[in-house]
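Open the model in your viewer and keep the selection tool ready. We will go from stop to stop, picking residues as we go.

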Amino acid sequence: MGMRAKDIVFLTLFLIVAGAGLYLVTTVDVTKKIERAQMITKSIIHGIMEGPHEYFPTHAEISEEELKEINVSKIAEEIGKGITVKKKEKLFEIKQRTKEALEITKQKLQEEVKLKHTKAKARVAKIVRLEDLPQKFKPLKKVLHEPFKMGACELCHVSASSKPGKLIEKKITDLCYRCHKVRYGNKFNHKPVKQGRCLDCHDPHQSNLNNLLKGKSVNDLCLKCHKPGNKKKIKKIVNMKGAYKHKPAEKSCVECHEPHSAGFKKLLKDDGKMNLCLDCHSKLEKHVDMKKWIKDVKYKHGAITDSKRKCLECHNPHSTNHKGILRKQQVKMCLSCHNKVVKSDEDGYELMNMAEHLKKNPNWHKPIKDVKKEGGCAACHNPHGSNHFSILRRSYTTDFYADIAKVKKDFICFKCHEVKKITDKMTASDKVTKFRDGEVNLHFLHVNNKKGRACRVCHDEHASKYPHLLRRYTEFGGIKFPLRYVGTKTGGSCQPACHKKYEYDRVKQKNKFSEDVFRK
């Protein structure tokens, strides 16, 4: 633009004063404001000196919001007070050039956001018509690189050379970063990006995918390197062949991962242990805020609160053969931690070694026995926390006596079992209960009298050696005593310490019952 050194010095002084007067962000202190103004000043000066026909880097990374704050006319008016007409003319010229530089900077920002290389149109290049391109580029694909679309091959290649097609830069990154921002620099960087291997993922001419990506899809491109058994022996592999797939992972890897550089491990967009998961999984059971639930719930699951991996302790973020994209079959997943005595966080109560308990007791509760149909451990327990002890989904009791009839709607057992089991005084239906003498419902008698016994007094809720999940021992006042249950084809008998031996038979009634027995 033919500017002399004297003009540049004058311009520099002008812009430093102008820059110092910028109102960038009202909350930023004066020192930072001036430093920021100096960075912007250098970038603008560079733009004025090079002019609109030369691409220049925006060193200061000026935002459009900051550009709006620069009022060149007002600053020029203030500085122009008391100076000569000649200098005013020079100032006017500088003002116009400054405006031009600001417009170029603004244009550059907009172009980068759109990833359009319209700046390149101003370069002198031998234009090649698309129809004259070599046959290997035909038919043309959906997305064309802007210089390629313009036919401006010489923007990237040298034509007059012993090696036609040779790049104008030795390093591909030096060429790419002429137009694109540097794609690495955060704490964690994708290896190909850091090593300047842009062409590992991007086609420099054309593609059927956005961002000129190679492959049939984003996932297809990523899995060329990150699939099991890859030739490059990359350790970070992803198996997407499971029966159950994480929807974001199935849609596109970049739903959760940054392809170039990130502030979190594995190039995740946020902390992948829990925060990133909760961006999508914000609702628990349709209406509960899961983030708040995990924080405020009374009884917390140690797998979430104590584990270093949080959600990833149980779930695979990509794909598995287990429902809920669990790492293992649900019961086995739970037993990977509950294979030893575990202390409860809330009260220090010791939880039994469940793996050992199930091994010793072959008759398992149906949800544990048939995970697919009955729901597994999660049928009764909420793995994300609960307001009921032992992270149960509904209320339960460890007491010997309990008025279950009053809480039947919220009682965990009646999530699956018919309430009629304890409310019907008389029944002849096996579907209601097989624990009856003739038609007298013995469950009703045990639960609804003045001292109703809780379910767990006679039944083990997980597993037993005996049918109907009956316990060998029950406990009262800290003392264990045997139930002495003996079964028959149509009934059975028991003789615990709480009463003498009683027999019952569904076909031929063994006992006579007075009306007092049926009173609640």
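Start by selecting Glu-461 and Arg-471. These two form a salt bridge, with their closest N and O atoms 3.3 Å apart. The pair links distant parts of the chain, 10 residues apart. Glu-461 sits in the loop between H20 and S16, while Arg-471 sits in the loop between S16 and S17. Keep in mind that this is a predicted model.

Colour the two by accessibility. Glu-461 is partly exposed, at a relative accessible area of 25%. Arg-471 has 17% relative accessibility. Is Arg-471 buried or exposed? Arg-471 counts as buried, because the cut-off for buried is under 20%.

Arg-456, Asp-460, Glu-461 and Arg-471 are linked in a network of salt bridges.

How many salt bridges does a search of the whole structure find? It finds 12. For another one, select Arg-129 and Asp-132. Their side chains meet in a salt bridge at 2.8 Å, N to O. Asp-132 is partly exposed, with a relative accessible area of 44%.

Next, the rings. The structure holds 8 aromatic pairs. Select Phe-400 and Tyr-401, which form one of them, an edge-to-face pair. Their centres are 5.0 Å apart, and the planes make an angle of 85°. Phe-400 counts as buried, at 16% relative accessibility. Tyr-401 counts as partly exposed, at 35%.

Move to Phe-411 and Phe-414. Their ring centres are 5.9 Å apart and their planes are at 45°, so this pair is tilted. Phe-411 is buried, with a relative accessible area of 2%. Phe-414 is buried as well, at 11%. Now widen the selection to Phe-389 and Tyr-396. Together with Phe-411 and Phe-414, they form one aromatic cluster.

Select Ser-386. Where is Ser-386 placed? Look in the loop between helix H17 (371–374) and helix H18 (420–423). Ser-386 is buried, with a relative accessible area of 3%. The Ser-386 side chain reaches the backbone nitrogen of His-388 at 2.9 Å. Show the surroundings, leaving out residues up to four places away in sequence: Ser-386 touches Trp-293, Val-297, Lys-298, Tyr-299, Ile-391 and Leu-392.

The last stop is Gln-206. Find Gln-206 in strand S5 (residues 206–207). Gln-206 counts as buried, at 6% relative accessibility. A polar atom of the Gln-206 side chain lies 2.7 Å from the backbone nitrogen of Lys-141. Which residues does Gln-206 touch, not counting those up to four places away in sequence? They are Phe-137, Pro-139, Leu-140, Lys-141, Val-143, Leu-144, Phe-148 and Leu-212. Finally, draw a line from Gln-206 to Phe-137. The two are 69 residues apart in sequence, and 8.2 Å apart in space, C-alpha to C-alpha.

Definitions and conventions:
Residues numbered from 1 in each chain as written. Predicted model: local features only at pLDDT ≥ 70, side-chain atom pairs only at ≥ 80, totals over all residues. Heavy atoms only, no water. Helix = DSSP H or I, 4+ residues; strand = E, 2+ residues; numbered from the N terminus. Buried < 20%, exposed > 50% of the residue type's maximum accessible area, 1.4 Å probe, protein only. Polar contact = N/O pair within 3.5 Å; in protein donor to acceptor, adjacent residues only side chain to side chain. Contact = heavy atoms within 4.5 Å. Phe/Tyr/Trp six-rings, centres within 6.5 Å; stacked < 30°, edge-to-face > 60°. Salt bridge = Lys/Arg side-chain N within 4 Å of Asp/Glu carboxyl O.
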